[in-house]
Amino acid sequence: TQRAQDTETEKNEFMRNMSYEIRTPLTAVVGFAELFEQRHTPEEETIFVNEIRSNASRLLELINNILFLSRLDARMIEFSAQPTDFAEQFDMFCQDGWGGRTVEGVKYVVENPYRHLSVVIDSQNLGHVIRQVVANAAQNTQKGAVHARYDYINDQLVITIDDTGCGIPQDKLTTIFDRFVSGEHNGIGLGLSICQDLITQMGGTIRINSKVGRGTTVWISLPCEANEIERK
């Protein structure tokens with residue numbers, strides 16, 4: 001009975017948050033679209049268009065994440081582990097993650113200690129997680145560096161993403177993977193929740209350590225079999 005009550009409470013809270021998160025950008029889109037019918041200058045028109053684009057993108061991202069989460073909750077995401085040369089893909093995942101989010105003066109470093117590392121993993125879903133974590137790191141880092149690296153230790157692929165960004169307060173670390181928990185840049189708050197669900201369903205773990213003003217470190221550990229290992 002307690003589990004059923006907890007589930008119902010969580011579902012109701014999720015629906016309230018989802019309703020608010022959808023209404024906010026949708027209201028902005030409708031509001032700025034209506035302003036076109038009123039007198040306005042060309043300069044104002046540019047502002048209207050930018051606001052509509054920004055909020056429409058936010059709304060689309062939110063809907064895509066909610067649909068993805070619903071499939072995760074229903075165990076409808078298919079996981080297909082195949083031999084993959086992770087050494088070839090890791091750099092691409094990182095570049096995709098911080099692409100378009102780079103800041104002048106910040107260093108973006110990928111540390112790849114292998115020439116070849118063939119491991120049996122679901123590269124599509126693992127790549128989704130890496131891109132999300134790297135994107136968060138880049139978005140929250142205005143000076144210093146974002147450093148991504150990995151290794152294969154004790155039959156586990158261990159990925160580490162470091163940044164020297166704004167950091168996360170200690171009281172928020174315990175809820176950082178909860179749904180609709182957003183960071184300093186007012187993100188939607190579903191990215192890390194999706195990452196945790198994906199990694200958990202693949203049999204791995206994801207952990208975060210952070211200090212305000214010092215930066216954040218994210219560790220991803222995924223058990224997997226290695227077929228070929230060639231270090232640089």
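**Exercise 1. Work out which residues of helix 3 are buried, and how they sit around its axis.**

Step 1. Go through helix 3 in this predicted model and pick out the buried positions: F86, A87, F90, F93, C94, G97 and W98.

Step 2. Now look down the axis of helix 3. The buried residues fall within an arc of 115°, so they line one face of the helix.

Step 3. Ask what sits over them. The cover includes strand 1 (82-85), strand 2 (107-111) and strand 3 (114-121), along with helix 4 (123-139), strand 4 (145-153) and strand 5 (156-163).

**Exercise 2. Check the length of helix 3 against what you'd expect, then see what follows the helix.**

Step 1. Helix 3 runs over residues 86-98, which makes 13 residues.

Step 2. From first C-alpha to last, helix 3 reaches 18 Å, close to the 18 Å expected at 1.5 Å a residue.

Step 3. Past the end of the helix comes G100, and its phi is positive, near 80°.

**Exercise 3. Describe how F86 and F90 pair up, and how W98 pairs with Y108.**

Step 1. Start with the count: there are eight aromatic pairs, taking ring centres within 6.5 Å as the cut-off.

Step 2. One of them is F86 with F90, at 5.4 Å centre to centre and with 40° between the planes, which makes the pair tilted.

Step 3. F86 and F90 are four residues apart in helix 3, so about one helical turn separates them. F86 is buried, with a relative accessible area of 0%, and F90 is buried too, again at 0%.

Step 4. Turn to W98 and Y108. Their ring centres are 5.3 Å apart and the planes are at 50°, so this pair is tilted. Here the partners come from distant parts of the chain: W98 belongs to helix 3 and Y108 to strand 2, ten residues apart. W98 is buried, with a relative accessible area of 4%.

**Exercise 4. Trace the ring cluster that holds Y150, then find what Y150 touches and where it sits in the largest nonpolar core.**

Step 1. Follow the ring pairs: they link F86, F90, F93, Y114 and Y150 into a cluster.

Step 2. List the contacts of Y150, leaving out residues up to four places away in sequence. Among them are F86, A87 and F90, plus E111, N112, P113, Y114 and I159.

Step 3. Zoom out to the largest nonpolar core, which has 48 residues. Y150 is one of those with the most contacts inside this core, as are F86, L126, I130 and I159. Helix 4 supplies the largest share of the core, seven residues.

Key: Residues are numbered from 1 along each chain as its sequence is written. This is a predicted model: local features need pLDDT of at least 70, side-chain atom pairs count only at pLDDT 80 or more; totals for chains, interfaces and linings use all residues. Side-chain values use heavy atoms; hydrogens and water are left out. Helices (H or I, at least four residues) and strands (E, at least two) are DSSP runs, numbered from the N terminus. The expected span of a helix is 1.5 Å times one less than its number of residues. Buried means under 20% relative accessible area, exposed over 50%, partly exposed in between (1.4 Å probe, protein chains only). The arc is that of the directions from the helix axis to the C-beta atoms. Contact means heavy atoms within 4.5 Å. Rings of Phe, Tyr and Trp (its six-membered ring) pair if their centres lie within 6.5 Å; planes under 30 degrees apart count as stacked, over 60 as edge-to-face and the rest as tilted. A nonpolar core is a set of buried Ala, Val, Leu, Ile, Met, Phe, Trp, Tyr and Cys residues joined through side-chain atoms within 4.5 Å.
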